[in-house]
Amino acid sequence: MTQLVDKERDLLRFTTAGSVDDGKSTLIGRMLYDSKQIFQDQMDALERASKLRGEEEVDLALLTDGLRAEREQRITIDVAYRYFSTPKRKFIIADTPGHEQYTRNMVTGASTADLAVILLDARKGILPQSRRHAIIASLLAIPHVVVAVNKMDLVDYQEARYRELVEEFTAFAEKLNIHDLSFIPISALCGDNVVESGDRMPWYDGWPMLHFLEEITVTRARNLVDFRFPVQYVIRPHQDFRGFAGRLSSGTIRVGEQVTVLPSLFHTKVRSIHVGDQEVNEAFAQQSAVLTLADEIDISRGDMIVRSHNLPEIDQEFDAYVCWMDEANALNTGGDYLLQHTTRTCQVHVNEILYRMDVNTLHRESTTRLGLNEIGRVRCTASQALFFDPYDRNRETGGFILIDPSTFRTVGAGMIRYTTKETLRELRREQGETQIETITATNITWDQSLISLREREAQNRHKALCLWLTGLSGSGKSTIARCVERALFEDGLQVFRLDGDNVRHGLCSDLGFSREDRMTNIRRIGHAAKLLYDAGQVVICSFIAPYKEDRDFVRALFPDNAFVEIYVQCDIEVCKARDPKGLYAKAERGEIKGFTGVDDPYEEPAHPELVLDTAGLDVQETVDRVLRFVKRQCGLDNAST
Amino acid sequence: MNTFEWLESQAIYVIREVAAQFERPVMLFSGGKDSIVMAWLARKAFYPGKIPFPMMHIDTGHNFQETLDYRDRWMKEIGASLIVRHVQDSIDQGRVKEEEGPNPSRNALQTVTLLDAIKEFQFDAAMGGARRDEEKARAKERFFSVRDRFGQWDPKNQRPELWHLFNGMKRPGEHFRVFPISNWTELDVWQYIHREEIPLPSLYFSHEREIVRRDDVILARSSHVALQEGEQWERARVRFRTIGDATCTGATESAASSVEDIVNEIAATRVTERGSRADDRRSEAAMEDRKKQGYF
């Protein structure tokens, strides 16, 4: 018993979402009850309430439904926070209702969660609301998702039904940004696999829910790399002490490190770090600390201290997902709000709503307004530059709230995707250690041409397009690309081909085949292709581009539908047999290192627009397929007939 | 980061946000362990600077002397300035009327004294040591809880709180109640007190005193508690789990004489701490009703 006082447990924050019917409250009640977290007086009150309602068994759901209105309507209408701990961990549950009209509550609960529990009713399977929970978990970048397949008692504890749901949900989740997905079959009502395994599902060999929550290694929704210190308050007890108080949004910092203050861009060193009344050498993510600096610099609330060689985005313009939370008024294109981000508050203007997202299907709809509980992608301009990171990378510096300037109510929650000045980001990546100079040069802007792409396309009588052929060496990319280029040229299209070997003679002659060099290679080609695209061309790129991340990077440079990924699929053995340049032979003899398909991986595209199986089709057939596709995309459907 | 470091860091962040976002904040101090921990965190939040806002005690006049002595010592220790406002003054001014009956409690009356004091000093934010685990109605309370000009809490009109962003913007007449230790449980508070070696009033530790048992609640003998028919004073070894108005704060029979004993006792206990407060037992939705009227 005595070790209780010294027990250093860690903390897991998770969110649960579901309707009354899912048995969510019963699951939480069951975890509290079976792990002996319910006190006698609470239990007595529960028994009284259940009896009053004429129920024979104690209704565990009553434990978590707090407000009277909820007890009357028997629904949960807000985010309720619950606490319990086991000898291993302390848990904070953000318990939210699952109905569509409570999307804002789910978003609120999800914003601080490390893990989401999604409940399915084994009988009903995956409902629109289950999909909504998963989409919100993905949008809010909750790192871990566990699906509790509940009410297994009502499907006779059948493994087949469970497997079916696992398969269906996994297929759906692949479209989302969920990094860690697990499943547990349970019966909250009967207690199977909640705290104890029980003996009714011997076919399930995983952990029961509570054990799972205790054991899961939480790669917290924390970013431990990028040091970000939004200044919250200045502490100045006397002339010799000037401390900057704040909480590390992410990363770590040590005494003596070189830092830069934003927005002034002054460089200095960290002189001392204080946590409470202790002086320490290092502070880390989520810790409240006070920093003193080597030089006297004018710093106030809203400024940000960062490491000199790792700067955030600095921009007034950004592109974000926004969940609208106000009942009274909708978010409109052209609307003006107050924006609170880290410790900064400023004005913000909504330039454009790019689309509204259907939270049940991910479907995009164009709109000029977002109503309560709707989520959309918007482009905004703030009255001051914000210091941010994309939300996916850093939840603390990527999230913001919108405040109504007349009622001061919190009306929206935003997750920044990225700055709209993609070019600046590029420059910065290239500069590496010398990023500061690039940042000071924020007056480098994209020179706007007097000819728009639309005008060029109109003159060419076809749309611009980027075709990206990826596949193993010897799969036939270059052959297809050459034929497609010739055929389109003869049809009168503006077309140009970029080829892997050719760019390495000039544009990328300084690069080798390491991971970094391959990334830089693809990035340069991507930008070259983008310039040609901007010039109105149909650009054909044929590159092995083995890494999905690199291809996705290029895709992100282009507008939707302007980038066509074509997977030139061919069995490695067939490629080796073809070996047009004798490279496989060399790689297998060890004369070339890091050769894709031999000693370096090729990551297959997950959702290419087109797949060409060159082992099964002859060259002309594959070329024809590409041509048909291109003509449709370029708006030339009728031209060729 | 372990649980305590995390909880401490979050509470300090919230306290600093209050100092930064509001013009005239105040921290309420009751002498209870939660407000003692909160004041301790306030000292840490601005160290080596001074706490940049005053502490305020709403004295019901029904306090244990031990609490008042402790209060004055503690304010000196953490270097805070203290404002005291008395429920008795509100009664004398006719602002409120003492409850009638055999067991008059001033718990409800302190709401008026508190609101008057908030008006008197034009406080725009008052920090309190309430925790969400105390009671069902508090499970939905925000860190920054907006109150209208009557101090009322409208559960349907609270601002969503996302990430670590707290919206403290207010219109004229509105003020905020802020709860920096919202995410702490009773056990967390005790473990933290142990870890930080925070001194506490002696009432929290087991001692022998005269008590009376009433409706399963043990009340300590004081001039504020009168015996009812059939009752008599008896001596028992007790301690208090919360410290408030002597008329309604129940004691528990306990031999726990150190923080360590208390932590172990809490971990094994079967009754919630508010379970021993007479005022919560009046109806199932008692807390919600009082909150709507501006109770802390």
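**View 1. Six strands of chain B form an open sheet with mixed pairing.** In this predicted model, the strand order is β3-β2-β1-β4-β6-β5 in chain B. The edges are held by β3 (82-86) and β5 (144-147) of chain B, each with a single partner strand, so one side of each has no neighbour in the sheet. From one strand to the next, the twist averages 30°.

**View 2. Strands β1 and β2 of chain B run parallel.** Strand β1 (residues 25-28) of chain B is joined to strand β2 (residues 55-59) of chain B by two bridges. B:Met27 has B:Met55, in β2(B), as its bridge partner. Helix α3 (residues 65-78) of chain B packs on the sheet and touches β2 and β3 of chain B. The direction of helix α3 of chain B makes about 175° with that of β2(B).

View 3. Chain B has eight helices and 10 strands. Of its 296 residues, 67% are buried. Among contacts in chain B between residues at least 6 apart in sequence, 71% join residues at least 24 apart. The chain exposes about 10900 Å², of which carbon and sulfur atoms supply 45%.

**View 4. A:Thr112 lies in a loop of chain A and touches a residue of chain B.** The loop runs between α4 (103-111) and β4 (115-121) of chain A. A:Thr112 has a relative accessible area of 17% and is therefore buried, the cut-off being under 20%. Leaving aside residues up to four places away in sequence, A:Thr112 touches A:Arg13, A:Arg395 and B:Trp163.

**View 5. The largest nonpolar core has 78 residues.** A:Phe14 and A:Leu140 have the most contacts inside this core. Domain 1 (2-220) and domain 3 (314-422) of chain A both give residues to the core, which therefore lies between them. Not counting residues up to four places away in sequence, A:Leu140 touches A:Val107, A:Ala110, A:Ser111, A:Tyr391, A:Arg395, A:Met415 and B:Trp163. A second, separate core of 75 residues includes A:Leu11, B:Ala39, B:Leu41 and B:Met127.

Terms used:
Residues numbered from 1 in each chain as written. Chains lettered and ligands numbered in written order. Predicted model: local features only at pLDDT ≥ 70, side-chain atom pairs only at ≥ 80, totals over all residues. Heavy atoms only, no water. Helix = DSSP H or I, 4+ residues; strand = E, 2+ residues; numbered from the N terminus. Buried < 20%, exposed > 50% of the residue type's maximum accessible area, 1.4 Å probe, protein only. Contact = heavy atoms within 4.5 Å. Areas by Shrake-Rupley, 256 points an atom, 1.4 Å probe, with all protein chains shown as cover. Pairing = 2+ DSSP bridges. Axes fitted to C-alpha atoms, helices over the stretch in contact; angles between N-to-C directions. Core = buried A, V, L, I, M, F, W, Y, C linked by side-chain atoms within 4.5 Å. Domains from an automatic or database assignment.
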